[in-house]
2 protein chains.
Amino acid sequence: MISHKGQTWEFHNPPVLISAATVVGPDEGQGPLANDFDLIHQDNTLKQKSWEKAEKALMEDAADLAIKKSGMQKDNINFFVGGDLMNQIISSSFAARTLSIPYLGVFGACSTSMESLAISSLMVGTGAAKYVLSGTCSHNCTVEKQFRYPTEYGSQKPPTAQYTVTGAGASVVAAKGEGPVVTSATIGKVIDMGITDPFNMGAAMAPAAADTIVAHFRDMKRSPDYYDLIVTGDLASVGFKIVNELLKEQGMPIPSRLFNDCGLMIYDIEKQGVQAGGSGCGCSAVVTYGHLLKRIEKGEIRRLLVVATGALLSPLSYQQGESIPCIAHAVAIERQEGA
Amino acid sequence: MISHKGQTWEFHNPPVLISAATVVGPDEGQGPLANDFDLIHQDNTLKQKSWEKAEKALMEDAADLAIKKSGMQKDNINFFVGGDLMNQIISSSFAARTLSIPYLGVFGACSTSMESLAISSLMVGTGAAKYVLSGTCSHNCTVEKQFRYPTEYGSQKPPTAQYTVTGAGASVVAAKGEGPVVTSATIGKVIDMGITDPFNMGAAMAPAAADTIVAHFRDMKRSPDYYDLIVTGDLASVGFKIVNELLKEQGMPIPSRLFNDCGLMIYDIEKQGVQAGGSGCGCSAVVTYGHLLKRIEKGEIRRLLVVATGALLSPLSYQQGESIPCIAHAVAIERQEGA
């Protein structure tokens, strides 16, 4: 059913992504992937009384939509694995209250998207569940006030900063059915190269991405050209340049035609004023569950590796002079044989 | 290898707790379970520059000690599953940086102790890992300043409030070896009965505990007397009374000789001025990994059910008028047959 090789799980009865759904805010709806999202809100409050309630609503909507598309009833879903960037992951936990599905909360900062998919796949791939809902979310305004400055300040940012995606992505992972399959998952180590600037997350996260990518190829005895596309989660322009350099140094360069970053894909970086690019749990979630799964469905990609990256700092750890520990989890998603 | 029944996993090749370790602070060292802890710090700063760094050190020490007792080297441990109450679970993530073991961060507030053990057992029980380190921690002073008032205020508390345990518990879960085994795990739903008072967590969490207990017995077709002892995580005196009433109402009363609460066990409640009793991720972790596993080793208990309870609120959700969603995860730990 499952082989364990180093940091990697290989699924011999690969779990199927029988459905996925994405809900985003106005900025993401003006980006190049707009057509791939299920629901675009024009108002980032979603008519809720707070941004936090709006973020929870994003998660609930994506979850509802993913379940609806799967053809299942909510009662058929055995478990919900979710997380987000909020203190005490309230967006996911409050969404889990609404969903009333047995719930495992997870946290890996922006890597949570693939952490939750890896755990969901483990459950389905080993017979511990038939149907698992996997989802993550983030909101530009909740993250701004929690991690940086009061959102209303509209504080200026250096060009290395990233713009948190307002969006939620969810998928229903099943033991069988139609759709792309999860063939393996690599769980990352925490890597910290001593970067202390919270306005340069991409640089902090790049070494973690490189470490997990190298581990994945080592464990699976594979080279990058096994995949049609490898995407990192949210390194954006600064971090993506660094991960390319690190992979070259480690003797595992990824050809540029095979390599991209969700934080670079979601916005028109030149026009949208998003500094180095997108970030947040929602970034890799909506790019993967929206755009990339559709490319697999169309046959444009057969084999995809999503390497979601996360910066595990808190405002308090930064204030206490700690550097930024980072992590990346990779999930391989492939078109089903015969599809 | 594993059966999935409702919300419950039954492990047919039960994962073994080959070692466990607990590290606590001065208050816990003056309580009735003091002799069961591996390391008692007399100074709750652990000579660190901040309480947060002290909490991280608790987690690191418990992890190191658990690995040492297991007879393994750190490199043999495939994964670390951990979490805590801090924003962005920094205690566990920074400990994971020090450990340099592939890491899955989890969050279920004080239920994290059994969430992490359930996921670790899933991994080991399905062949996804040979050795997994599972651990959680909490610190009285970090929680006070994060969730309530600046610690230095020494603010007065109502008698329904609970006293957060300073402590960390960790275990090494293995596919085989000597020690108690994890035979099943029940993943809880989020339950919210509308309680909004963060100084009465026990009352908020009791319905979640009852829900998971009833689910466990329903899924496993078992009655409470299957177990020699059932403990809830940290309901303390107010919540424990309520869970008893709820279970009676639901036709599944647990005889008092079989039923206790880690929050009632860890302190001498009359003498230690801890209001209704203990709480925190560290509470059920150190009582289980310290005291209860030793009772299993001694043969005083053969079958134990630990129902760790968590309140999934944040200070912000409370300020925004939300009630307190709660969850409980149950793990059954039994003496190995023939032992």
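**Aromatic ring contacts**

Phe217(B) is buried in this predicted model, at a relative accessible area of 2%. Tyr227(B) is likewise classed as buried, at 1% relative accessibility. The ring centres of Phe217(B) and Tyr227(B) are 6.0 Å apart and the ring planes meet at 65°; because planes over 60 degrees apart count as edge-to-face, the pair is assigned to that class. Phe217(B) belongs to helix H6 of chain B (residues 201–220), whereas Tyr227(B) is placed in the loop between H6 and strand S11 (229–232), so the contact ties together parts that are ten residues apart in sequence.

Over all chains, the count of aromatic pairs is twelve. One of them joins Phe80(B) and Tyr103(B), with ring centres separated by 5.5 Å and planes at 25°. The pair is stacked, because the cut-off for that class is under 30 degrees. Phe80(B) is part of strand S5 (residues 79–84) and Tyr103(B) is part of strand S6 (residues 103–105), both in chain B, so this pair ties together parts 23 residues apart in sequence. Phe80(B) is buried, with a relative accessible area of 0%, and Tyr103(B) is buried at 1%.

In chain A, ring pairs connect Phe217(A), Tyr226(A) and Tyr227(A) into a cluster. Tyr226(A) also has a charged group over its ring: the charged end of Arg222(A) is 3.7 Å from the ring centre. In chain B, Arg303(B) is positioned over the face of Tyr226(B), 3.9 Å from the centre of the ring.

Technical notes:
Residues are numbered from 1 along each chain as its sequence is written. Chains are lettered from A and ligands numbered from 1 in the order in which they are written. This is a predicted model: local features need pLDDT of at least 70, side-chain atom pairs count only at pLDDT 80 or more; totals for chains, interfaces and linings use all residues. Side-chain values use heavy atoms; hydrogens and water are left out. Rings of Phe, Tyr and Trp (its six-membered ring) pair if their centres lie within 6.5 Å; planes under 30 degrees apart count as stacked, over 60 as edge-to-face and the rest as tilted. Helices (H or I, at least four residues) and strands (E, at least two) are DSSP runs, numbered from the N terminus. Buried means under 20% relative accessible area, exposed over 50%, partly exposed in between (1.4 Å probe, protein chains only). A charge sits over a ring if NZ of Lys or CZ of Arg is within 6 Å of the ring centre and within 35 degrees of the ring normal.
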